[in-house]
Structures are given as C-alpha cells and as structure tokens.
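Hi,

Here is the structure I promised to pass on. Have a look, and then read on for what turned up.

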Amino acid sequence: MTIVVRAELRIRSGKREEFVRAASALAVAAGEEGETLRYDWYGCADPHEFVVIEEYTDADAAVVHNQHCAMLLQGIAELADMTAVHLHGEVGPDLERWARERSFAHVHRPLRLVP
C-alpha cells in the first residue's frame, strides 16, 4: 500500500527565496528515487506558507527517502518550521515512532470498510 504524506511548512522571515531553491533541489533528488511516486510543492496566498504532497510505494520507501535526502531535509528545517504533517497509509514502525515524537504529526490508517 502506498504512503501519502502532506506536510505544511511556514518559512522563516527573509528566507523565502532560499527556501524555494532548497525545495526545488529536494524535489529533484526525490524524482531520482524509484520508489518515490510523487513529490509536489504548493504555495498559497500567504507567501510564507508551503505544502508538499509526497507519495511512496510503501513505508520503507518513505524511510529510504528521508535517509537519501537527509542533508537537503536538514537545509529545509533551517529555513522553515513544519507546522503539520499527515501520514496516510500503513506507515510501519519507523514512521509511527517518528510521528509519536512530534506533536504536529498525525497518522491516518486506512479504514477496512469491506470485510
């Protein structure tokens, strides 16, 4: 089952242009990963708010992405604060632990509507 992540970020004052460059580099790196299916950035009316939608083949692929892009993700963390993240799917123990350690993170498991 795929994992879908929706992360919301608030850019620190005076860091927008640097953030856009860092987000672009992160999108390129994610595009090189075979198990990353989607990595799309979105802006809104507030120029300091961004959203990234990520989709991975499974929980292991999401963990591999975080490892592969660790330096780029650290750069993003220096420019912006993550205000919310929603993980959708069977997230596995690593992502479950990551989410438990962050008050802004929420795990959404699939409903089993059909017996």
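Is phenylalanine 104 buried, partly exposed or exposed? With a relative accessible area of 23%, phenylalanine 104 is partly exposed (buried is under 20%, exposed over 50%, partly exposed in between, with a 1.4 Å probe and protein chains only).

Some housekeeping: this is a predicted model, where local features need pLDDT of at least 70 and side-chain atom pairs count only at pLDDT 80 or more, while totals for chains, interfaces and linings use all residues. Residues are numbered from 1 along each chain as its sequence is written, and side-chain values use heavy atoms, with hydrogens and water left out.

On to the aromatics. Rings of Phe, Tyr and Trp (its six-membered ring) pair if their centres lie within 6.5 Å; planes under 30 degrees apart are stacked, over 60 edge-to-face, the rest tilted. That gives four aromatic pairs. In one, tyrosine 39 and tryptophan 41 have ring centres 6.4 Å apart and planes at 70°, so they sit edge-to-face. Tryptophan 98 and phenylalanine 104 are also edge-to-face, because their planes are at 80°, with centres 6.4 Å apart. Tyrosine 39 is buried at 10%, and Phe19, Tyr39, Trp41 and Phe50 make up one aromatic cluster.

Then the core (buried Ala, Val, Leu, Ile, Met, Phe, Trp, Tyr and Cys joined through side-chain atoms within 4.5 Å). The largest nonpolar core has 29 residues, and Leu9, Phe19, Ile76, Leu87 and Leu95 have the most contacts inside it.

Cheers
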